[in-house]
Amino acid sequence: QVQLVESGGGLVQAGDSLRLSCAASGRTFSILSSYAMGWFRQAPGKEREFVGVISWGGGSTIYADSVKGRFTISRDNAKNTVYLQMNSLKPEDTAVYYCAADPGSIWQKRKVAEYSVWGQGTQVTVSS
């Protein structure tokens, strides 16, 4: 089984930076090495939307246009942790942020339905 736990959310002002962490654990994750590791966010009254994804093995990334140039995804394989560095935050970035994982060599996944494991979410609030 794979478990994901997000942390690092909080209340910040517009223009500030914040780094979220997603720690993965479980026997299955420790054995397998090929995953898509995605970040999604969901604001009140809106559908969950894609933020970005990283290839666990190779480190390649894809970002949504809304965050490109401001957000950066990285990973520390030794710590089984994925990070979402968020810079130049805007009020419209306010949402619950979720990390997600899906095993396999095909890592370019942008849709919610493509992920099999989800974390509990962490709240990010950006004041104007």
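1. Two strands are said to pair if DSSP finds at least two bridges between them; strands are DSSP runs (E, at least two residues) numbered from the N terminus. In these terms, β9 and strand β10 (residues 117–118) pair in the antiparallel sense over two bridges. Val117 in β10 is the bridge partner of Ala101.

2. The model is predicted: local features need pLDDT of at least 70, side-chain atom pairs count only at pLDDT 80 or more, and totals for chains, interfaces and linings use all residues. Residues are numbered from 1 along each chain as its sequence is written, and side-chain values use heavy atoms, with hydrogens and water left out.

3. With strand β4 (residues 35–42), β9 forms an antiparallel pairing over eight bridges, in which Met37 stands opposite Ala101. Strand β11 (residues 122–127) is joined to β9 by three bridges, also antiparallel; here Gln123 is the bridge partner of Val96.

4. Strand β9 is mostly covered, as seven of its nine residues are buried (under 20% relative accessible area, with a 1.4 Å probe and protein chains only).

5. Ser55 belongs to strand β5 (residues 49–55). Is Ser55 buried or exposed? Its relative accessible area is 11%, so Ser55 is buried.

6. Leaving aside residues up to four places away in sequence, Ser55 touches Tyr35, Ser60, Arg75 and Trp107 (contact means heavy atoms within 4.5 Å). A polar atom of the Ser55 side chain also lies 3.2 Å from the backbone nitrogen of Gly58.

Key:
Helices (H or I, at least four residues) and strands (E, at least two) are DSSP runs, numbered from the N terminus. Buried means under 20% relative accessible area, exposed over 50%, partly exposed in between (1.4 Å probe, protein chains only). A polar contact is a pair of N or O atoms within 3.5 Å; within protein, one must be able to donate a hydrogen and the other to accept it, and residues adjacent in sequence count only if both atoms are side-chain atoms.
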